[in-house]
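Dear colleague,

Please find below the structure that I am handing over to you. My findings follow it.

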Amino acid sequence: MGDVDFDGELTILDVTAIQRYLADLDKFSDYQKKIGDYDADGEVTILDCTKIQRVLAGLDDPLYTDTENGSENGSGNEAGSGSENEYESERTT
Ligand SMILES: [Ca+2]
Ligand SMILES: [Ca+2]
């Protein structure tokens with residue numbers, strides 16, 4: 001998160017890149033906007049710069065680490081382990 005110049009680490013260059021984007025000197029791709037939104041409030045603002053600068057200065061802990069393991073829910077192809085939908089439609093009242 002925050003590595004908008006894709007060099008693999010969060011540095012002052014990323015802050016500069018975001019500042020240039022904010023100053024309309026550079027354009028960001030959607031992906032850059034996403035990862036440039038360091039505080040995850042939905043948009044890239046000077047606050048994201050400030051936050052990154054604080055992290056770089058050791059004043060704040062990094063908000064996000066790179067934890068994009070693809071642990072998405074595999075849309076279950078659990079083909080029949082014997083038990084089909086067995087509705088116990090016997091209600092003892
Ligand atoms: Ca970087
Ligand atoms: Ca933000």
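This is a predicted model: local features need pLDDT of at least 70, side-chain atom pairs count only at pLDDT 80 or more; totals for chains, interfaces and linings use all residues.

Overall picture

The protein has 93 residues, of which 16% count as buried. Among the contacts between residues at least 6 apart in sequence, 44% join residues at least 24 apart.

The packing of α1 and α3

Two packed helices are described by the angle between their axes and the distance between the axes. For helix α1 (residues 12–22) and helix α3 (residues 46–56), the angle is about 170° and the axes are 9 Å apart. Angles over 145 degrees count as roughly antiparallel, and α1 and α3 are therefore roughly antiparallel to each other. On the α1 side, the contact is made by Ile12, Asp14, Val15, Ile18, Gln19 and Leu22. On the α3 side, Ile46, Asp48, Cys49, Ile52, Gln53 and Leu56 take part. The residues of this contact between α1 and α3 comprise eight nonpolar, two polar and two charged.

The buried faces

Which residues of α1 are buried? They are Asp14, Val15, Ala17 and Ile18. Around the axis they cover an arc of only 160°, which puts them on the same side of α1. The buried residues of α1 pack against α2 and α3.

In α3, the buried residues are Asp48, Cys49, Lys51 and Ile52. Seen down the axis of α3, they fall within an arc of 165°, so they line one face of the helix. Ile46 and Arg54 are exposed on the other side of α3. The buried residues of α3 pack against α1 and α2 (30–36). An α-helix has 3.6 residues a turn, so residues three or four places apart point the same way.

In soluble globular proteins, nonpolar side chains tend to be buried together. Here the largest nonpolar core has nine residues, namely Met1, Val4, Val15, Ala17, Ile18, Tyr38, Val44, Cys49 and Ile52. At least two residues of this core come from each of α1 and α3, and the largest share, three residues, is supplied by α1. Isoleucine 18, one of the core residues, is in contact with Val4, Gly36, Val44, Asp48 and Cys49, leaving aside its neighbours within four places in sequence.

Two partly exposed residues

Aspartate 5 is found in the segment before α1. It has 16 C-beta neighbours inside 10 Å and therefore counts as partly exposed. Not counting residues up to four places away in sequence, aspartate 5 touches Leu13, Asp14 and Ala17. Aspartate 5 and glutamine 32 are 27 residues apart in sequence, and their C-alpha atoms are 8.1 Å apart in space.

Leucine 56 lies in helix α3. With 16 C-beta neighbours inside 10 Å, leucine 56 counts as partly exposed. Its contacts, leaving aside neighbours within four places in sequence, are with Leu10 and Ile12. From leucine 56 to valine 15 the separation is 41 residues in sequence and 9.7 Å in space, C-alpha to C-alpha.

Positive phi values

Where does aspartate 24 lie? Aspartate 24 is in the loop between α1 and α2, just after α1. Its phi is near 70°, a positive value in a residue other than glycine. Aspartate 24 has 7 C-beta neighbours inside 10 Å and therefore counts as exposed.

Alanine 40, in the loop between α2 and α3, has a positive phi of about 55° although it is not a glycine. Is alanine 40 buried or exposed? With 12 C-beta neighbours inside 10 Å, alanine 40 counts as exposed.

Just after α3, a positive phi of about 80° is taken by glycine 58.

With kind regards

Methods. Residues are numbered from 1 along each chain as its sequence is written. Chains are lettered from A and ligands numbered from 1 in the order in which they are written. Axes are lines fitted to C-alpha atoms, for helices over the stretch in contact, and angles run from 0 to 180 degrees between N-to-C directions. Helices (H or I, at least four residues) and strands (E, at least two) are DSSP runs, numbered from the N terminus. Angles under 35 degrees count as roughly parallel, over 145 as roughly antiparallel, 65 to 115 as roughly perpendicular and the rest as oblique. Two residues are in contact if their C-beta atoms, placed from the backbone, lie within 7 Å. Ala, Val, Leu, Ile, Met, Phe, Trp, Tyr, Cys and Pro count as nonpolar, Asp, Glu, Lys and Arg as charged, and the others, Gly among them, as polar. A residue is buried if 20 or more other C-beta atoms lie within 10 Å of its own, exposed if 12 or fewer, and partly exposed in between; C-beta atoms are placed from the backbone. The arc is that of the directions from the helix axis to the C-beta atoms. A nonpolar core is a set of buried Ala, Val, Leu, Ile, Met, Phe, Trp, Tyr and Cys residues joined through C-beta atoms within 7 Å.
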